Amino acid sequence: MKFINKLYFSLLISCPAISNEIPVNMFFTEFNQKIANLAEQEKICSNKARVLNKDTFQNIKITPKEIQVILEYKDLNAFISCSNEKRLEYYKASVLLRLSSNVYADTLDSSDELISTHEFWLLKAKKEYETIAPEIRKKLDAIKELDKPFNLITSYEVLSKQ
Amino acid sequence: MKCPTIHQLTFSQRSKESLEEIKRIKSLSNLLSVSLATGTLSTIFLGANSATASYSLNSTDFVTLTKAMKSVPVLTRSLIERIAAKTHMYSTNPKEKQF
């Protein structure tokens with residue numbers, strides 16, 4: 001595994017030399033395709049969102065504020081997990097295009113910033129989530145329903161009434 | 001669906017931050033849409049002679065470029081919907097929730 005990582009890394013560093021011979025258009029086409037694939041996958045993940053069952057947090061003592069923190073984190077986590085494969089493919093295409101040409105620097109800067117917004121939000125939400133007691137988090141992490149995309153507003157309305 | 005008129009609407013600090021975030025995302029989205037197109041034209045025409053430009057023009061995949069440009073609003077919408085949902089969830093003011 002270490003050898004494969006070293007090989008991949010050295011290929012990545014030497015990419016500018018190799019890529020001079022490969023038309024930039026190929027990398028740009030690949031980049032465009034990955035953006036389209038990611039958007040398509042995000043749409044699929046959003047369409048999969050359902051409402052959480054009112055008994056989702058049964059037997060777990062949590063405050064209304066904690067419900068908000070939990071749902072925000074779990075919603076982002078589920079959405080990113082659902083689209084993760086396409087997300088990683090996008091980042092790979094972005095790195096290769098960036099190494100191949102300076103022409104698309106502005107495009108890549110705005111694209112990377114836009115697409116990584118979900119991941120930044122997840123990090124912030126995770127920090128808040130980790131303020132909840134570990135024993136409660138252990139129970140929450142065992143609830144598989146929270147690992148699949150769900151509708152945040154409607155689920156919160158259902159769960160906050162309990 | 002017509003948006004209802006909301007009288008005496010005031011925004012909490014969180015809502016104001018959410019609106020700023022939406023502005024930032026919209027700005028990025030517009031920048032990306034423009035730079036996808038201009039980046040393509042730069043690759044084809046800048047510093048190129050007619051032979052190179054002709055080759056670049058023929059080899060540019062305008063189909064996937066169009067797909068990517070159509071995808072930008074989809075990605076943007078997903079982000080803005082999430083901001084709206086999160087702000088709605090945290091809001092305690094009924095008028096703010098309605099907004």
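In which crossing, left-handed or right-handed, does α8(A) pass α3(B)? The crossing is right-handed. The close-ups below come from a predicted model.

**Close-up 1. Helix α8 of chain A packs against helix α3 of chain B.**
Two packed helices are described by the angle between their axes and the distance between the axes. Angles under 35 degrees count as roughly parallel, so α8(A) and α3(B) are roughly parallel to each other. On the α8(A) side, the contact is made by L152(A), I153(A), Y156(A) and E157(A). On the α3(B) side, A85(B), K86(B), H88(B) and M89(B) take part. By class, this contact has 5 nonpolar, 1 polar and 2 charged residues.

**Close-up 2. The largest cavity is lined by residues of chains A and B.**
The whole structure holds 2 cavities of 30 Å³ or more. About 60 Å³ of space lies in the largest cavity. From chain A, its lining takes E72(A), D75(A), L76(A), W121(A) and L152(A). From chain B come R82(B), I83(B) and K86(B). Helix α4 (64-100) of chain A and α3 of chain B each supply at least two lining residues. The lining divides into 4 nonpolar, no polar and 4 charged residues. L152(A) and K86(B) line this cavity; L152(A) and K86(B) also belong to the contact of α8(A) with α3(B).

**Close-up 3. The largest pocket has about 540 Å³ of space.**
The lining of this pocket comprises 21 residues. Closest to the centre are S46(A), N151(A), S78(B), E81(B) and R82(B). In chain A, α3 (24-48), α4 and α8 each give two or more residues to the lining. In chain B, α3 does likewise. α3(B) gives the most, with 8 residues. By class, the lining has 10 nonpolar, 5 polar and 6 charged residues. R82(B) also lines the largest cavity.

**Close-up 4. The second largest pocket has a volume of about 370 Å³.**
Its lining consists of 15 residues. Nearest the centre lie E72(A), K124(A), R14(B), E17(B) and K86(B). Chain A contributes at least two residues from each of α4 and α6 (117-129). Chain B contributes at least two from each of α1 (13-45) and α3. The lining divides into 6 nonpolar, 1 polar and 8 charged residues. E72(A) and K86(B) also line the largest cavity.

How values were computed: Residues are numbered from 1 along each chain as its sequence is written. Chains are lettered from A and ligands numbered from 1 in the order in which they are written. This is a predicted model: local features need pLDDT of at least 70, side-chain atom pairs count only at pLDDT 80 or more; totals for chains, interfaces and linings use all residues. Side-chain values use heavy atoms; hydrogens and water are left out. Axes are lines fitted to C-alpha atoms, for helices over the stretch in contact, and angles run from 0 to 180 degrees between N-to-C directions. Helices (H or I, at least four residues) and strands (E, at least two) are DSSP runs, numbered from the N terminus. Angles under 35 degrees count as roughly parallel, over 145 as roughly antiparallel, 65 to 115 as roughly perpendicular and the rest as oblique. A crossing is left-handed if the near helix is turned anticlockwise from the far one by less than a right angle, and right-handed if clockwise. Contact means heavy atoms within 4.5 Å. Ala, Val, Leu, Ile, Met, Phe, Trp, Tyr, Cys and Pro count as nonpolar, Asp, Glu, Lys and Arg as charged, and the others, Gly among them, as polar. On a 1 Å grid over the protein atoms alone, a cavity is a set of points where a 1.4 Å probe fits but cannot get out, and a pocket is an open set with protein on both sides within 12 Å along at least five of seven lines; lining residues have an atom within 4 Å of a point. Grid points are joined across faces, edges and corners, and a volume is the space filled by probe spheres set on the points.
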